[in-house]
Amino acid sequence: MRIRFAPAAVVTAGTLAVVLAAPAQATEYSSALKIKGVQYDAPGRDSNNCRTGNTRDEYLTIKNYSRSTTVNLKGYVVKDAAGNRFTFPSNHYLEPGDYVKLRGGHGTDSDANNVVYRQNCNFMWNNDRDTIYLYKPSGAHADTHAYTRSRDDRDGNGYITFHG
């Protein structure tokens, strides 16, 4: 099991009420792009060996929920609670309703296959709990979700859906 420690955060009563009302989702941000779901626990025994490991099986799905706007992912940032981060380095366009899977490991990014690789064989998401942040190129929040295995992954398959 991967465990990373992050500094404790101060939570106001208003924020806590939002978290309790919607446990798998924090504040709703104004953005066409949302975190659709996360495969936070890759199937099998965790191995970040670049040649034989399973970091490619850990992924984050980001979807364009706009009905009319195409969004370029270049400059968007994905981050976790411990500060691990990935910035989309090049143009990757999401048409309305389209999605991309941000996978661990090494591979060739593909618009046709809706995949971008982090080019890093280390796992990003904790297997027990984590917080996922999505930021616009401007630095503004696009979406944020916190999860815990026990609360949010009822079927135990390592995948959690945030937005349908």
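**View 1. The disulfide of Cys 50 and Cys 121 is right-handed, because the torsion about its S-S bond is about 125°.** A disulfide is a covalent bond between the sulfur atoms of two cysteines. Here it is counted when two cysteine sulfur atoms lie within 2.5 Å, and by this rule there is one disulfide. The sulfur atoms of Cys 50 and Cys 121 are 2.1 Å apart. The pair joins distant parts of the chain, 71 residues apart: Cys 50 is in the loop between β1 and β2 (59–64), and Cys 121 is in the loop between β8 (115–117) and β9. Cys 50 is exposed, with a relative accessible area of 53%, whereas Cys 121 is buried at 6%. Buried means under 20% relative accessible area, exposed over 50%, and partly exposed in between, using a 1.4 Å probe and protein chains only.

The model is predicted: local features need pLDDT of at least 70, side-chain atom pairs count only at pLDDT 80 or more, and totals for chains, interfaces and linings use all residues. Residues are numbered from 1 along each chain as its sequence is written, and side-chain values use heavy atoms, with hydrogens and water left out.

**View 2. An open sheet of four antiparallel strands has the order β5-β4-β9-β10.** Its edge strands, β5 (85–87) and β10 (141–148), each pair on one side only. Neighbouring strands of this sheet are turned by 10° against each other on average, direction ignored; the axes are lines fitted to C-alpha atoms (for helices over the stretch in contact), and angles run from 0 to 180 degrees between N-to-C directions. Strand β9 (residues 129–135) pairs with β10 in the antiparallel sense over seven bridges, and two strands pair if DSSP finds at least two bridges between them. Arg 129 stands opposite Thr 148 in β10.

**View 3. Asp 152 lies in helix α2 (residues 149–152).** Helices (H or I, at least four residues) and strands (E, at least two) are DSSP runs, numbered from the N terminus. Asp 152 counts as buried, at 15% relative accessibility. Its side chain reaches the backbone nitrogen of Thr 148 at 2.9 Å. The side chain of Asp 152 also makes a polar contact with the side chain of Arg 151 (2.9 Å). A polar contact is a pair of N or O atoms within 3.5 Å; within protein, one must be able to donate a hydrogen and the other to accept it, and residues adjacent in sequence count only if both atoms are side-chain atoms.
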